[in-house]
Amino acid sequence: MLSDKLILKGDFSILKGKKIAVIGYGNQGYAQANIMRDNGLDVFIGNIQDEYAKRAEKDGFKVYDIPEAFERADVALMLIPDEVQPDVYKSVEGIIKKKDSFVLDFASGYNVASGFIKPPKNVDTVMVAPRMIGEGMVELHREGKGFPVLIGVANDSSGKAWDYAIAIATAIGAIGREGGVAVKSSFEEEALLDLLSEHTWAPLLVATFMAYFDVVTEKYGVSPEATILELYASGELGEIGKAMADFGLFEQLKFHSTTSQYGHLTRAERYYDMVKKVCEEEAEKIINGEFAKEWTLEQMAGKVVLNSLWKKFTNSKLAASEKELYKVLGRRKEG
Ligand code: NDP
């Protein structure tokens, strides 16, 4: 049933002696820069002189402004937020174009897949997209463990672009260690998978929690405390997620009571067609560029929809009750 796209081992000798610029020192930048340096590679940071740069300097990295970092680099990892990458890329495109050879790596497929960034022909354009937040990567690295990544190549100028993608995946601690795996994929596939999660099961979970909360508290008089603990505050949901990762979706279901198993499977059967339709519609909007257009227009308009939805959701009864509960439980001081 599986394709033959799994890679469990790699080596990063191709990166030895290369000057590697990590652009951005946030969630991913911090993690990838530190792990690669631990692995003996020549890493420096490209960032404007602000708090992130200070943190990088405190951690012992040389920090250059972004154009200078690109000037100095043989390999650059673009680890700044997706929405700012096109402008930053534009500001350094001239520098990249002049190089005989260059490797440009992304941790997400979005900008290249959507055509917002089109690196020139002389550049190996690769993707190493971790399925893990930066802090998690650093923790696993300390434990000698790996994590999953999707890898891809959009342009193979040197004929070695896949080798570079595998080398970066190895150098950032993803593969060659227990739990580590790279899946050969593409920028387009990664963008589809990532966005489709954000447009289907993840928001369906949020919407279900909101509706569930409103129904049981308003219609049946259940206390907000009991409801929020049931939904997510107890940590059971996190445990179930962990069991899914460790044992599998259906194997973990066997740990639940038979009443629960019956409820899960009968309702999954009932919801499948409805949710499949949602998945099809949302996937189509990602593939035909409709979502990318929607998000670009929203950013140009100053994120008005996003800001108003933040206001709406955080002013909901669920959010207000959560705030009080988390204060009582000592999980939140204010805000
Ligand atoms: P962060 O938001 O943590 O990035 C912060 C860094 O970006 C800082 O160094 C910040 O520096 C810099 N930055 C922010 N705005 C600008 C700007 N306008 N110009 C230049 N630099 C800027 O990003 P993430 O680490 O979350 O994401 C980086 C990439 O990794 C993205 O492609 C993302 O999709 C991908 N990714 C993220 C994961 C995650 O867990 N977060 C998981 C897998 C992939 P400053 O503000 O000083 O300019």
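In which helix is the place of His141? His141 sits in helix α6, which spans residues 134-142; helices are DSSP runs of H or I with at least four residues, numbered from the N terminus. The model is predicted, and local features need pLDDT of at least 70, side-chain atom pairs count only at pLDDT 80 or more, and totals for chains, interfaces and linings use all residues. Residues are numbered from 1 along each chain as its sequence is written, and side-chain values use heavy atoms, with hydrogens and water left out.

His141 has a relative accessible area of 15% and is therefore buried (under 20% relative accessible area, 1.4 Å probe, protein chains only). Apart from neighbours within four places in sequence, His141 is in contact (heavy atoms within 4.5 Å) with Ile35, Asp38, Asn39 and Arg177.

The ligand is surrounded by 22 residues, a residue being counted if one of its heavy atoms lies within 4 Å. Tyr25, Gln28, Asn47, Asp50 and Asp82 are the closest. By composition, the shell holds 13 nonpolar, 7 polar and 2 charged residues; Ala, Val, Leu, Ile, Met, Phe, Trp, Tyr, Cys and Pro count as nonpolar, Asp, Glu, Lys and Arg as charged, and the others, Gly among them, as polar.

A backbone N or O atom of Tyr25 lies 2.7 Å from a ligand oxygen atom, and a polar backbone atom of Gln28 is 2.8 Å from an oxygen atom of the ligand. For Asn47, a polar side-chain atom lies 2.6 Å from an oxygen atom of the ligand. Of the 880 Å² of accessible area that the ligand has on its own, the protein covers 74% (Shrake-Rupley method, 1.4 Å probe). The elements giving two or more residues to the shell are α1 (27-38) and α4 (85-97).

Technical notes. Buried < 20%, exposed > 50% of the residue type's maximum accessible area, 1.4 Å probe, protein only. Polar contact = N/O pair within 3.5 Å; in protein donor to acceptor, adjacent residues only side chain to side chain.
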